[in-house]
Amino acid sequence: MSDFESVVARVADRVTPDAAERERLRAAVDDLTARVRDAVADLPVDADVVQVGSTARGTWLADDRDIDLFVRFPADLARADLERHGLAVGRAALPDGHEEYAEHPYVTGEIRGFDVDLVPCYDVADAAAIQSAVDRTPFHDAYLQERLDDALARDVRLFKAFLTGIGAYGSDLRTRGFSGYLSELLVLEYGGFEPLLRAAADWHPPVRLDPEDHGTATFDDPLVVVDPTDPERNVAAVCSAENVARLQHYARELLDTPREDLFVPSDPAPLDAAAVRAHLDRRGSTPVAVVFEAPDLVDDQLYPQLRKSLHGVADELDRRGFAPLRSATFAADRAVLLVELAVGELASVERHAGPPVHVREHATGFADAYADRDVYGPFLDGDRYVVERDREFTTPAELLRSDALFDVALGAHVETALDDGYDLLIGDEIATLADDFGVPLARYFEPTP
């Protein structure tokens, strides 16, 4: 047995649910299904119940105890009635549960130690006829159940554990990684965990896979996996280029130097304030951090807004000449937009070049516009008119403390939070963030793939 096979065998043994856990799951599903059917029987409409997801397909990881039960309602039922009946069933089956909201509300709770999502959906003819995003999930489940055998299910668990270990598992908009469904399709497409790793190690994005050879749409994504149940959907649409590259990097590493720690997630040791200051002394850069009360949003709503806002701030700092090196955003009770700058202070004047003199109309207009203004010039530099004018902001602090901050592209809720007030940290002041954000700062200052 090779080193790779030995590592994989040990990991497979660790992440595979044992017989006792499988029996506990079966009993929990039977109990929950009976409760749901009793609740459905009291409704004025017909509905059926189907278990979906990794626990339905036998591809869940040991101790990752999620049960997904879908209640399918007639396709001609009004959306308001679907939501009302779905919540009624959820509350009856999970009386201690609570409501969550995706495209429409559903009930989540716990039964016999397993986390449960009880989701209403429409019973449509095929995935092309969906009325809500969750309607396609039963089709995903049926497709995979027909094709995954025990060996492939084992390899799916290995791939999920590997993605978890390298920090690339999860299709939430904070992670932007590989979903469970995508993971299973990739293992199925390549015929196992090792063949998938070897293929991924040599990918040249954009990569396009079409298991049913029926794709009808084009996608501008680094990884495209056409949904076998919907030719117009990319299952990998949420997966970031960084996470595709992360899979490639660690696939090569695992194949070259097999080891079990690549299957185990770990956070770096948090940095304290002194360590942050030491990094800043070494780097000689000028970090700026806009710190504000985090909007009360779920991560899937919050992080896209934070990234949009960070991009807007960094772009404006770049446009103004402060040369961003890198940026990051993170949140807990407070949210942080961190941009590290190569330039901390600029000259009081900036150069502004006009058109070539021979472009008469535009050149004359430029020269006339600046003729009576308090600027240096216009003068000639080569064949162009040039002026040197007062710079509006000579430091990033001046810019970020001004109303110009609100002229950049900000997420709507982030803009509201900033309008309520924010702190601006410059240089060594960002070391004060270490108490709350020691781990994200460690990821920033001690980066790994």
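**View 1. Helix H11 (residues 299-319) and helix H14 (residues 412-419) cross at roughly 70°, and their axes come within 8 Å.** H11 is therefore roughly perpendicular to H14, a term for angles of 65 to 115 degrees. The residues in contact (heavy atoms within 4.5 Å) are Gln305, Leu306 and Ser309 of H11 and Ala412, His413 and Val414 of H14. Sorted by class, this contact of H11 with H14 has 3 nonpolar, 3 polar and no charged residues. Ala, Val, Leu, Ile, Met, Phe, Trp, Tyr, Cys and Pro count as nonpolar, Asp, Glu, Lys and Arg as charged, and the others, Gly among them, as polar. Axes are lines fitted to C-alpha atoms, for helices over the stretch in contact, and angles run from 0 to 180 degrees between N-to-C directions. The model shown is predicted: local features need pLDDT of at least 70, side-chain atom pairs count only at pLDDT 80 or more, and totals for chains, interfaces and linings use all residues. Residues are numbered from 1 along each chain as its sequence is written, and side-chain values use heavy atoms, with hydrogens and water left out.

View 2. Pro206 lies in the loop between helix H8 (193-201) and strand E6 (207-209). Helices (H or I, at least four residues) and strands (E, at least two) are DSSP runs, numbered from the N terminus.

**View 3. Arg112 has a positive phi of about 55°, and Arg176 has a positive phi of about 55°.** Most residues other than glycine have a negative phi. Arg112 is found in the loop between strand E4 (105-111) and strand E5 (114-123). Arg176 occupies the loop between helix H6 (150-166) and helix H7 (180-190). With a relative accessibility of 32%, Arg176 is partly exposed; buried means under 20% relative accessible area, exposed over 50%, and partly exposed in between (1.4 Å probe, protein chains only).

**View 4. Cys121 and Cys239 are both buried.** The relative accessibility of Cys121 is 0%, and the relative accessible area of Cys239 is 3%. The structure holds 0 disulfides, a disulfide being a pair of cysteine sulfur atoms within 2.5 Å.

Key:
Angles under 35 degrees count as roughly parallel, over 145 as roughly antiparallel, 65 to 115 as roughly perpendicular and the rest as oblique.
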